[in-house]
Amino acid sequence: MQKGLGDLDELYQEVLLDHYRNPRNTGRLDDPASEVDAVNPFCGDEIHMQLGMDGDTLSRISVTGQGCSISQAAGSLLSELVEGKTSEEARELRELFRGMMMGEELSDDVADRLDDNLALQGVRRFPVRIKCALLSWSALIDALDKAATAE
Ligand code: ZN
C-alpha cells in the first residue's frame, strides 16, 4: 500500500471527515439486544453502542459518542461494515481490522472486506491514536458477548 500514498491519503481523509461530520447509524434502538459504553481514557473518547439481533445476525446497530474525529469516524465506519453480518463475521472483521491497525500486510481479499474502513489505516503511523480507532471495535465485541449471554 505504499504506492500513491499521497492521493490515497487525501481520499481517506475525505472519507474520515465525511463520517465524522455525518456519522451513520446514530438513531437509538427501542429494544436493543445489548448495549455497551466504551471509553478510551488516553484520549477521552466515548462510544455508546446498541445492537439489534435477528437470530445470529446483527440486524441493527446504533453508535453514538463523543471524542476525537478518529474515534467517532471509526464508530460510524464500523456500523456500516457490520450491519447485516452474522456475529461470527463481525468478529472476523474485527480481527482483520485490528491486523490492519497493527501493520499487517493486507491481501486484496482483506482490503475488499474492510471496504471504507481502509481509510483508517493511515492512523497506524500515529501509535497513540490506534486506540481511538479500535475503541468501537472492542465495544462491538463486548456488545456481541452480552447479546450472546442474554439469549
Ligand atoms: Zn481519540
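**Pocket lining and helix packing in the predicted model**

Helix H1 makes the greatest contribution to the lining of the largest pocket, supplying 6 residues. The structure is a predicted model, in which local features need pLDDT of at least 70 and side-chain atom pairs count only at pLDDT 80 or more, while totals for chains, interfaces and linings use all residues. Residues are numbered from 1 along each chain as its sequence is written, and side-chain values use heavy atoms, with hydrogens and water left out.

The largest pocket holds about 200 Å³ of space. A pocket is an open set of points on a 1 Å grid over the protein atoms alone, where a 1.4 Å probe fits, with protein on both sides within 12 Å along at least five of seven lines; lining residues have an atom within 4 Å of a point. Of the 14 lining residues, Gln13, Leu16, Ile70, Ala119 and Val123 are the closest to the centre of the pocket. Helices H1 (5-21) and H2 (69-82) each supply at least two residues of this lining, helices being DSSP runs (H or I) of at least four residues, numbered from the N terminus. The lining comprises 9 nonpolar, 3 polar and 2 charged residues.

The axes of helices H3 (residues 87-101) and H5 (residues 127-150) come within 10 Å and cross at roughly 160°. H3 is therefore roughly antiparallel to H5 (angles over 145 degrees). The contact (heavy atoms within 4.5 Å) involves residues including Phe97 of H3 and Trp137 of H5. The residues of this contact divide into 11 nonpolar, 2 polar and 4 charged.

Key
Axes fitted to C-alpha atoms, helices over the stretch in contact; angles between N-to-C directions. Parallel < 35°, antiparallel > 145°, perpendicular 65-115°, else oblique. Nonpolar A, V, L, I, M, F, W, Y, C, P; charged D, E, K, R; others polar. Points joined across faces, edges and corners; volume = space filled by probe spheres on them.
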